[in-house]
Amino acid sequence: MKLEYSFDTTIRVRYGETDQMGYCYYGNYAQYFEVGRVETLRSLGLSYRAMEESGIMLPVSRYEVDFLAAAFYDDLLNISTRIVSLVGSRITFEYQAIRDGIVIATGKTILVFVDKQTKRPIRPPRNFVELMNDFEIK
């Protein structure tokens, strides 16, 4: 199902996240997008902790990022996260890292609902699907 739900999170680039040139190290964007994803689910009343405690994990199976401009120490970044699809055991998130109204990076992750014991893909929990139905694009 195609979905449209978005949530924004603010992150400040810390000194330790920059390289010798003063640029935000590119590897940090995966963590910034993870914060956006976790907070987006939390905004819906869902948490990774609760899912893991119920025996469900959500590992990333695909990660993409495009860098359009740099971020620097102390920059305030808005991480805009959208849930865009839920198909079978896969959920897709898209991201924008925005500094001063300018998109500096875009990204996408695909995560898979996995049974914690068997490590095999499973369907999302019924309550999760029912919640996502509210954001289905028809």
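Arg82 is partly exposed, because its relative accessible area is 30% (buried means under 20% relative accessible area, exposed over 50%, and partly exposed in between, with a 1.4 Å probe and protein chains only). This is a predicted model, so local features need pLDDT of at least 70 and side-chain atom pairs count only at pLDDT 80 or more, while totals for chains, interfaces and linings use all residues. Residues are numbered from 1 along each chain as its sequence is written, and side-chain values use heavy atoms, with hydrogens and water left out.

**Salt bridges**

- The structure holds 7 salt bridges (a salt bridge is a side-chain nitrogen of Lys or Arg within 4 Å of a carboxyl oxygen of Asp or Glu).
- One of them joins the side chains of Arg82 and Glu4, at 3.1 Å from N to O. This pair links distant parts of the chain, with Arg82 in strand 4 and Glu4 in strand 1 (residues 2–12), 78 residues apart. Helices (H or I, at least four residues) and strands (E, at least two) are DSSP runs, numbered from the N terminus.
- Glu4 is partly exposed, with a relative accessible area of 36%.
- Arg82 also meets Glu94 in a salt bridge, at 2.9 Å from N to O. Because Arg82 lies in strand 4 and Glu94 in strand 5, the pair ties together parts that are 12 residues apart in sequence.
- Glu94 counts as partly exposed, at 28% relative accessibility. Salt bridges that share partners join Glu4, Arg82 and Glu94 into one network.
- Another salt bridge is formed by Arg99 and Asp75, whose closest N and O atoms are 3.9 Å apart. Arg99 lies in strand 5 (residues 90–99) and Asp75 in the loop between strand 3 and strand 4, so the pair ties together parts that are 24 residues apart in sequence.
- Both Arg99 and Asp75 are buried.

- An open sheet is formed by 5 strands in the order 1-4-5-6-3, with antiparallel pairing (two strands pair if DSSP finds at least two bridges between them).
- Strand 1 and strand 3 stand at the edges with a single partner strand each, so one side of each is left without a neighbour in the sheet.
- From one strand to the next, the twist averages 15°. For such angles, axes are lines fitted to C-alpha atoms (for helices over the stretch in contact), and the angles run from 0 to 180 degrees between N-to-C directions.
- In a regular strand, side chains alternate between the two faces of the sheet.

**Strand 5 and its neighbours**

- Strand 5 is largely enclosed by the rest of the structure, because 7 of its 10 residues are buried.
- Strand 4 and strand 5 run antiparallel and are joined by 10 bridges. Ser85 has Thr92 in strand 5 as its bridge partner, and Val87 stands opposite Arg90 in strand 5.
- The hairpin of strand 4 and strand 5 has 2 residues between the strands, and Gly88 there takes a positive phi near 60°.
- Strand 5 and strand 6 also run antiparallel, joined by 10 bridges, with Ala97 opposite Ala105 in strand 6.
- Strand 5 and strand 6 form a hairpin with 2 residues between them, and Asp100 in the turn has a positive phi of about 50°.
- Thr109 is found in strand 6 (residues 102–112) and is buried, with a relative accessible area of 2%. Thr109 and Thr92 are 17 residues apart in sequence and 5.8 Å apart in space, C-alpha to C-alpha.

**Helices**

- Helix 1 (residues 28–43) has 16 residues and reaches 23 Å from its first C-alpha to its last, close to the 22 Å expected at 1.5 Å a residue. The expected span is 1.5 Å times one less than the number of residues.
- Among the buried residues of helix 1 are Tyr29, Tyr32, Phe33 and Leu41.
- Gly45 follows helix 1, and its phi is positive, near 85°.
- Phe128 lies in helix 3 (residues 126–133) and is buried, with a relative accessible area of 1%. Phe128 and Leu44 are 84 residues apart in sequence and 9.7 Å apart in space, C-alpha to C-alpha.
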